[in-house]
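Hi everyone, thanks for coming. Let me put the sequence and the structure up on the screen, and then we can walk through them together.

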Amino acid sequence: RVGCRGLTVVSRNAFAMARWGRPALAVLALAAVLPSSATPQYVDWCALDLPELVGGYANISQTLSPLENTNARIRNLLAGKTVRAVAHLDRGRVEHSTFDSVDGCADCPYPDVFFCAPHIPGRGCHEEGGLRGRDYEVFSAVAQRGGFEVEWAVTRDISATHHESYTPMAVNFTTDDRFDISSNWWTDTEERRKLGLVIGHHHTDASRVLVTRRYEPDSGLDLDLLLRPFAPVVWITFAACMSSYAVMMLFIDRPWWSDLELGRSPTWRFLNGLTYELWLSFERFNGGDHHSDPRTNSGRLLTSVYGLFTILFVSLYTAKLAAIIVVDDARGGGLIQSLEDIRDRGGQVLMFSGEPMKNRMISRHPYLRVAEGGTLGEMKTAKLTDLMTAHGAHAIILPSSVARAAVLQPNNCDAIVTSNIQISGGGFMASVRNCAANAHVVLDGLLFEIENDGTLDAIERRFENADQCSGSGDDSGMDNSALSMDQMFGLFAFIGGAMVIIFIGVMIHLHFTKAHEVIVTNVREHRERSLRKTLSLQRRKNLSMERRRVEAGRASYDDEDDDDERDDDDDDSVYEDGLEELETAGQPRKDERV
């Protein structure tokens with residue numbers, strides 16, 4: 001538009017010069033300058049007017065005023081100028097709305113790799129809808145704060161055909177005199193620093209995380225599954241409650257000291273009784289005892305309390321065990337949580353081609369077996385579990401920002417991010433060549449500015465990926481930990497307190513009952529002795545009367561005739577037998593003596 005307007009002004013002034021003569025030459029010269037005013041003013045980084053802070057301040061407080069002025073100068077050092085930025089294709093972060101391939105050469109080597117660039121006629125990055133993406137907007141926000149323009153160029157991603165990697169691409173970007181800085185997020189590594197590549201303030205989490213199958217099959221035996229619902233201290237307290245119930249029932253419901261069926265000696269009676277009550281307590285806990293009901297009312301009351309404890313304990317155990325099984329099935333009983341889990345299974349991990357942190361991770365984990373396959377851009381949209389299967393890998397190591405976006409896609413609902421492997425960050429990159437690294441002095445301060453006022457967070461939210469896995473994503477709210485003693489204390493306090501109160505009450509009752517029984521026994525024995533004495537005197541009196549009657553009858557028979565003498569003898573024998581019988585009856589029987 002400026003060029004066309006300039007030509008129009010030139011034609012008009014040429015006509016005016018023909019009419020008005022020499023005075024119009026000044027107007028023509030001024031109009032000729034208008035087209036050149038649209039030429040970008042590129043930055044000479046070596047000539048950048050960076051302030052030099054030197055000593056001479058008396059104390060720290062005196063440095064505050066000049067530093068404030070210095071900050072203002074640094075913030076505006078690029079105002080009115082043009083920074084030339086280059087980026088490789090990164091879906092969702094830097095991409096063109098229309099141009100998604102290299103014009104005329106799909107997979108040519110560098111430098112024929114540009115989708116759009118100022119030096120390609122008709123394919124400027126501002127044309128056909130322009131650029132879009134998270135990193136594009138971050139750099140544009142920085143440019144807006146600094147008051148400078150950005151001249152963009154976008155290339156394809158690295159090529160598997162030419163065995164490219166990102167560090168050589170970064171070298172190509174920063175040694176090309178057509179560009180000042182690369183506006184992708186670049187991981188800061190030792191290799192790149194040694195090549196003179198300087199990464200600015202980290203605006204992206206470039207930490208490496210582990211991505212694995214959500215439903216990893218568990219090939220091992222889960223030997224402690226039935227014990228996991230409760231913490232060890234809960235199981236110990238449960239055993240103590242069961243044993244206490246058995247001991248109380250031994251004293252309340254089964255008086256072992258007088259039960260001859262339990263053994264001859266008191267020791268054996270106690271041991272056999274305790275063993276039997278422990279068995280009964282376990283049987284009553286699991287509902288298997290149907291043949292030994294409590295004998296006393298106190299035993300029935302204590303058993304009722306124990307039964308309520310059994311119902312509550314079994315209910316909590318069943319619910320927690322079911323929750324653990326559900327969580328383990330949802331997460332995968334053999335879910336890989338770390339690189340050590342992969343080592344223990346003898347497996348390997350998959351990394352994207354050209355992973356710049358590969359050597360660092362291997363040096364930290366020397367046992368790691370690594371396979372490479374696919375570019376980082378391909379892994380953003382690929383089905384990750386299929387990549388694991390194709391390369392025989394148990395997990396994939398990816399940058400955090402890439403991995404957490406990938407697992408939210410509908411084709412990766414069976415994958416999950418489990419843990420961090422390596423902490424790192426990513427930022428814009430420039431080279432020490434031609435002093436281009438001086439750009440970070442200005443850009444880093446502007447990056448901090450948009451972070452502090454929330455601009456960067458607003459950009460992050462706009463490009464935040466939505467979970468498309470229908471609720472099967474993060475299961476961090478699911479808990480399969482054991483119930484602790486703090487959670488079970490109320491139940492044990494109830495059962496323990498109730499059992500102790502009942503036991504103490506029964507012991508007090510038995511104490512007074514025993515004293516009363518002693519008194520009753522003494523009274524009964526006294527009455528029995530009195531009764532025996534009375535019965536003995538009565539029997540003797542009756543015997544004396546019968547003896548006198550028999551003697552009187554014998555005297556009356558002496559006056560009978562001699563003819564009847566034999567009969568009299570028979571009668572005497574009868575009377576003598578009766579006398580012996582009476583005398584015998586007067587003596588206590590054997591069982592009475594006993």
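Is Ser400 buried or exposed? With a relative accessible area of 3%, Ser400 is buried, because the cut-off for buried is under 20%. Setting aside residues up to four places away in sequence, Ser400 touches Asp205, Ser207 and Val209.

Before I go on, please keep in mind that this is a predicted model.

Now the overall picture. The protein chain has 594 residues, and 38% of them count as buried. It holds 19 helices and 14 strands. Taking the contacts with a separation of 6 or more, 76% are between residues 24 or more positions apart. The accessible surface comes to about 34,000 Å², and carbon and sulfur atoms account for 56% of that.

At what angle do α4 and α15 pack? Helix α4, residues 134-146, and helix α15, residues 439-452, meet at about 105°, and their axes are 9 Å apart. The two are therefore roughly perpendicular to each other. On the α4 side, the contact is made by Val138, Phe139, Ala141, Val142, Arg145 and Gly146. From α15 come Leu443, Leu446, Leu447, Glu449 and Ile450. By class, the residues of this contact divide into eight nonpolar, one polar and two charged.

Cys435 sits in the loop between β14, residues 425-431, and α15. Cys435 is not a glycine, yet its phi is positive, at about 65°. With a relative accessibility of 25%, Cys435 counts as partly exposed. Glu128 also has a positive phi, about 55°, and is not a glycine either. You'll find Glu128 in the loop between β3 and β4, the latter being residues 131-132. Why point these out? Most residues other than glycine have a negative phi, and most peptide bonds are trans.

Which residues does it join? The cis peptide bond joins Tyr110 and Pro111, with omega about 15°. Pro111 is in the loop between β2 and β3, where β3 is residues 114-116.

Let's move to another loop, the one between β1, residues 82-88, and β2, residues 95-96, where we find Asp90. Asp90 has a relative accessibility of 7%, so this residue counts as buried. Which residues does Asp90 contact, leaving aside its neighbours within four places in sequence? They are Glu95, Asn184, Trp185 and Lys380. Asp90 and Gly377 are 287 residues apart along the chain, but their C-alpha atoms are separated by 6.5 Å.

Last stop, the annotation. An unreviewed UniProt entry lists residues 233-252, 305-327 and 488-510 under "transmembrane region". In the model, residues 233-252 are 100% helix and 0% strand, with the end C-alpha atoms 28 Å apart. Residues 305-327 are likewise 100% helix and 0% strand, and there the end C-alpha atoms lie 33 Å apart. Leu301 has its place in helix α9, residues 297-331. At 48% relative accessibility, Leu301 counts as partly exposed. Leu301 and Met499 are 198 residues apart in sequence, and 9.3 Å apart in space, C-alpha to C-alpha.

That's my tour, and I'm happy to take your questions.

Conventions:
Residues numbered from 1 in each chain as written. Predicted model: local features only at pLDDT ≥ 70, side-chain atom pairs only at ≥ 80, totals over all residues. Heavy atoms only, no water. Axes fitted to C-alpha atoms, helices over the stretch in contact; angles between N-to-C directions. Helix = DSSP H or I, 4+ residues; strand = E, 2+ residues; numbered from the N terminus. Parallel < 35°, antiparallel > 145°, perpendicular 65-115°, else oblique. Contact = heavy atoms within 4.5 Å. Nonpolar A, V, L, I, M, F, W, Y, C, P; charged D, E, K, R; others polar. Buried < 20%, exposed > 50% of the residue type's maximum accessible area, 1.4 Å probe, protein only. UniProt positions renumbered as here; feature names shortened; annotations may be inferred. Areas by Shrake-Rupley, 256 points an atom, 1.4 Å probe, with all protein chains shown as cover.
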